[in-house]
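Please look through the sequence and the model shown here, and read the briefing beside them.

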Amino acid sequence: MAEDVFKKIVSHCKEYGFVFPSSDIYDGLGAVYDYGQNGVELKNNIKQYWWQAMVLLHDNIVGLDSAVFMHPTVWKASGHVDAFNDPLIDNRDSKKRYRADVLIEDQLAKYDEKIEKEVAKARKRFGESFDEAMFCQTNPRVLENAKKRDALHNRFKEALEANDLAEIKQIILDEGIVCPISGTRNWTDVRQFNLMFKTEVGSTADGASTIYLRPETAQGIFVNYLNVQKTGRMKVPFGIAQIGKAFRNEIVARQFIFRMREFEQMEMQYFVRPGTELEWFKAWKEQRMAWHQALGFGAENYRFHDHDKLAHYANAATDIEFHMPFGFKEVEGIHSRTDFDLSQHEKFSGKSIKYFDPETNESYTPYVIETSIGVDRMFLSVMCHAYCEEQLENGETRTVLRLPAALAPTKLAILPLVRKDGLPEKAKEILNDLKFHFNCKYEEKDTIGKRYRRQDAVGTPYCITVDHDTLADNTVTLRDRDTMQQQRVPISELPALLEEKVSITALLKKLA
Ligand code: GAP
């Protein structure tokens with residue numbers, strides 16, 4: 001069911017100009033996508049909402065736009081050359097390659113599904129008197145599956161922590177996991193595979209050197225931290241925010257734009273005094289959750305997933321997960337990265353990048369709290385929440401994207417009722433004034449009903465209809481996408497009325 005909805009969302013994205021497969025006429029390129037005419041507007045609005053929430057609302061956070069290419073030693077220092085790996089396994093019969101950890105995670109999910117099925121069956125049988133907690137504690141099939149799941153989870157966790165690739169393969173064999181294509185268990189050994197894309201800089205004759213496409217934007221911030229601090233006269237605590245492309249050679253590319261090979265990140269590194277980092281970590285957790293929830297998708301659709309297993313350089317980490325049609329999934333990571341990155345760059349570059357704190361008269365390496373969100377995942381969460389097939393009173397169904405107005409690609413559609421009697425001219429006159437305020441679209445083809453439906457499908461929050469009365473009294477009919485209610489409004493009042501409803505400023509004010 002949820003899978004069907006997700007398929008519909010993916011095809012809606014293509015049909016209405018939000019997301020196309022990359023190089024579509026060549027049948028696409030795996031895990032790479034292009035944003036169409038509506039997608040780019042929605043994506044830009046998401047980025048603007050994030051950027052303004054960071055840089056406009058905090059007088060101690062500034063922006064940066066660093067290059068995709070960086071000195072190769074950056075990635076040695078950051079640990080990406082040695083440790084930015086996925087464990088891979090091949091099936092010899094299908095010749096397909098899989099992430100070994102994902103095969104095991106899918107197996108864990110199967111045990112959960114079995115438990116959920118038992119619970120659903122029992123709920124149906126017992127009706128209102130059903131006590132789910134009691135059932136889960138006593139039903140033999142539920143208990144057996146829970147036991148198997150927990151045992152697998154512990155074994156898997158230990159193997160990951162010990163980086164024991166042979167044990168990971170053994171788990172796959174012991175669980176009887178088969179290749180979904182060939183159906184066999186003819187697996188190779190598990191190998192580590194580095195996710196960074198490599199390319200060459202300079203001609204071979206000159207002695208080309210290997211460089212990487214950045215797998216995260218964060219390192220551009222770290223290596224510029226002192227440049228920004230000095231030239232911007234920033235005092236700790238301060239933050240640097242950046243939006244930009246990142247590249248990872250993902251082997252298991254699944255769920256549309258959820259896991260891509262070329263994607264965009266919005267990252268902010270917040271530099272703090274050592275010892276204060278856990279307070280700031282807590283504060284940023286709250287701020288980031290508030291940013292998500294201001295969109296009005298319902299608090300129940302978000303949760304924190306605090307990490308039990310921390311990377312060696314982190315002393316706290318959490319994900320903000322959103323309820324997608326395929327389950328709760330990570331959209332943003334918040335990490336307390338200690339002084340690891342700055343210290344590593346100091347060590348590898350041989351240059352001091354310590355901060356002199358005028359308040360304590362000390363030099364130290366700041367600690368860092370990072371907030372890191374994928375633009376594309378955010379885009380997907382917005383689309384998944386907005387997509388709705390609605391049954392109308394007259395028996396028809398309408399497909400509507402209930403996008404938050406501030407994020408919608410088009411804010412206002414201007415529609416002359418008929419293509420004659422001077423209505424198109426009047427409508428264009430209104431367009432020529434309002435286009436300086438909002439992203440407006442003019443449409444005159446087809447019946448007004450069909451035009452409303454088209455705008456609903458791309459999430460336009462408001463339509464105005466220009467009719468014969470407009471010529472006489474300079475009023476228009478303003479239609480609300482969600483309620484479909486209409487009201488008569490003087491043209492002169494439209495800018496102020498709509499500004500309040502569709503601007504990003506209105507959204508940002510909720511964060512204050
Ligand atoms: N600098 C920290 C960092 O990059 P991460 O958890 O690897 O952390 C942060 O990535 C965010 O970037 C994720 O929460 C996700 O939203 C997004 N992201 C990561 N890999 C992605 C991919 N292959 N496709 C789309 N988005 C991705």
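This is a predicted model: local features need pLDDT of at least 70, side-chain atom pairs count only at pLDDT 80 or more; totals for chains, interfaces and linings use all residues.

Residues are numbered from 1 along each chain as its sequence is written, and side-chain values use heavy atoms, with hydrogens and water left out. The protein has 17 helices and 23 strands, where helices (H or I, at least four residues) and strands (E, at least two) are DSSP runs numbered from the N terminus.

**The protein as a whole**

- The C-alpha atoms of the protein fill a box of roughly 80 × 70 × 55 Å, taken along the principal axes.
- Of the 512 residues in the protein, 48% are buried, a word that stands for under 20% relative accessible area, with exposed for over 50% and partly exposed for what lies in between (1.4 Å probe, protein chains only).
- The accessible surface of the protein comes to about 25,400 Å², and 50% of it belongs to carbon and sulfur atoms; such areas come from the Shrake-Rupley method with a 1.4 Å probe, and for residues only the protein chains shown count as cover.
- Among the contacts in the protein with a separation of 6 or more, 65% are between residues 24 or more positions apart, a contact being heavy atoms within 4.5 Å.

**The ligand and its surroundings**

- The ligand is surrounded by 20 residues, of which the closest are Glu216, Met260, Glu267, Glu330 and Val331; a residue is near a molecule or strand if one of its heavy atoms lies within 4 Å of it.
- Strand 10, strand 13 and strand 16 (367–374) each supply at least two residues of this shell, and the largest share, five residues, comes from strand 13.
- A nitrogen atom of the ligand lies 2.8 Å from a polar backbone atom of Met260, and a polar side-chain atom of Glu370 is 2.9 Å from a nitrogen atom of the ligand.
- An oxygen atom of the ligand is 3.0 Å from a polar backbone atom of Gly374, and the protein covers 91% of the 550 Å² of accessible area that the ligand has on its own.

**Gln269 and Glu370**

- Gln269 is found in strand 10 (residues 262–272) and is buried, with a relative accessible area of 0%.
- The side chains of Gln269 and Glu370 are joined by a polar contact of 2.9 Å, that is, a pair of N or O atoms within 3.5 Å; within protein, one must be able to donate a hydrogen and the other to accept it, and residues adjacent in sequence count only if both atoms are side-chain atoms.
- Leaving aside neighbours within four places in sequence, Gln269 is in contact with residues including Ala218, Phe238, Arg337 and Glu370.

**Aromatic rings and charges**

- A search of the whole structure finds 18 aromatic pairs, counted where rings of Phe, Tyr and Trp (its six-membered ring) have centres within 6.5 Å, with planes under 30 degrees apart called stacked, over 60 edge-to-face and the rest tilted.
- Phe6 and Phe326 form an edge-to-face pair, 4.9 Å centre to centre with 70° between the planes.
- Phe6 lies in helix 1 (residues 2–15) and Phe326 in the loop between strand 12 (316–324) and strand 13 (327–336), so the pair ties together parts that are 320 residues apart in sequence.
- Phe6 counts as buried at 12% relative accessibility, and Phe6, Phe258 and Phe326 form one aromatic cluster.
- Arg377 lies over the face of Phe258, at 3.7 Å from the ring centre, and the charged end of Arg288 sits over the ring of Trp291, 4.4 Å from its centre; the criterion is NZ of Lys or CZ of Arg within 6 Å of the ring centre and within 35 degrees of the ring normal.

**Backbone details in loops**

- The peptide bond from Val236 to Pro237 is cis, with omega near 5°, and Pro237 lies in the loop between helix 9 (218–231) and strand 9 (238–247).
- Asp27 has a positive phi of about 70° although it is not a glycine; Asp27 lies in the loop between strand 1 (19–21) and strand 2 (33–35) and counts as exposed at 74% relative accessibility.
- Phe256, also a residue other than glycine, has a positive phi near 60°; Phe256 is found in the loop between strand 9 and strand 10 and counts as buried at 11% relative accessibility.
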